[in-house]
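Hi,

Here is the structure I promised to pass on. Have a look at it first, and my notes follow below.

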Amino acid sequence: FLLSLPMLAIISLLWSGLLCGFQGFMLCYDPSALLSLYLPPPPLPPLTLTLCRYLGVSLLNLSFLFLHYIPFPSKRGPGLRLGLMLSATFAATAGYRAIVEDDVSESEKEGAMKTLILQGFTAVLAFVAIKVTPKDEKKKGE
């Protein structure tokens, strides 16, 4: 392998942490700019802005956790499982919007597919990292 198996866990946690950090910061600071990466955003009403900020600070907290777990081998397993659950549920939500839900415009479907691909990649990366992380590293103390 080009990289060691424990390194894959570090890469997955780093990717999850940076992705959550970026999305969280943008949702708090400028939600319209983040949403414009996926579709042309309409003007956001105050309630939507508030909900974006709540999601943003939640993602910032998760970003801290993912990055905090990196130096502690015994915490990487729980961090990877958290990343898998988060990205898989985000991907499932986007997939439902893109594939199943009715009355969705083509631009909204395209935006949902972008999210599905990004979060699907993140979920697969975490899943593979969980599977290849040696069992002794998952249980080893600091």
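The protein has six helices and zero strands, where helices (H or I, at least four residues) and strands (E, at least two) are DSSP runs numbered from the N terminus. Along the sequence this reads α-α-α-α-α-α. Please keep in mind that this is a predicted model, in which local features need pLDDT of at least 70, side-chain atom pairs count only at pLDDT 80 or more, and totals for chains, interfaces and linings use all residues. Residues are numbered from 1 along each chain as its sequence is written, and side-chain values use heavy atoms, with hydrogens and water left out.

On the overall picture, the C-alpha atoms fill a box of roughly 50 × 30 × 25 Å along the principal axes. Of the 142 residues, 35% are buried, meaning under 20% relative accessible area with a 1.4 Å probe, protein chains only. Among contacts (heavy atoms within 4.5 Å) between residues at least 6 apart in sequence, 73% join residues at least 24 apart.

Helix 5 covers residues 106–132, and its end C-alpha atoms are 38 Å apart; this agrees with the 39 Å that its 27 residues should span at 1.5 Å a residue, the expected span being 1.5 Å times one less than the number of residues. Its buried residues include Gly111, Gln119, Thr122 and Ile130.

Thr122 also turns up in a contact with serine 16, which touches Phe66 as well, leaving aside neighbours within four places in sequence. Serine 16 sits in helix 1 (residues 5–29) and counts as buried because its relative accessibility is 5%.

Best wishes

Notes:
Buried means under 20% relative accessible area, exposed over 50%, partly exposed in between (1.4 Å probe, protein chains only).
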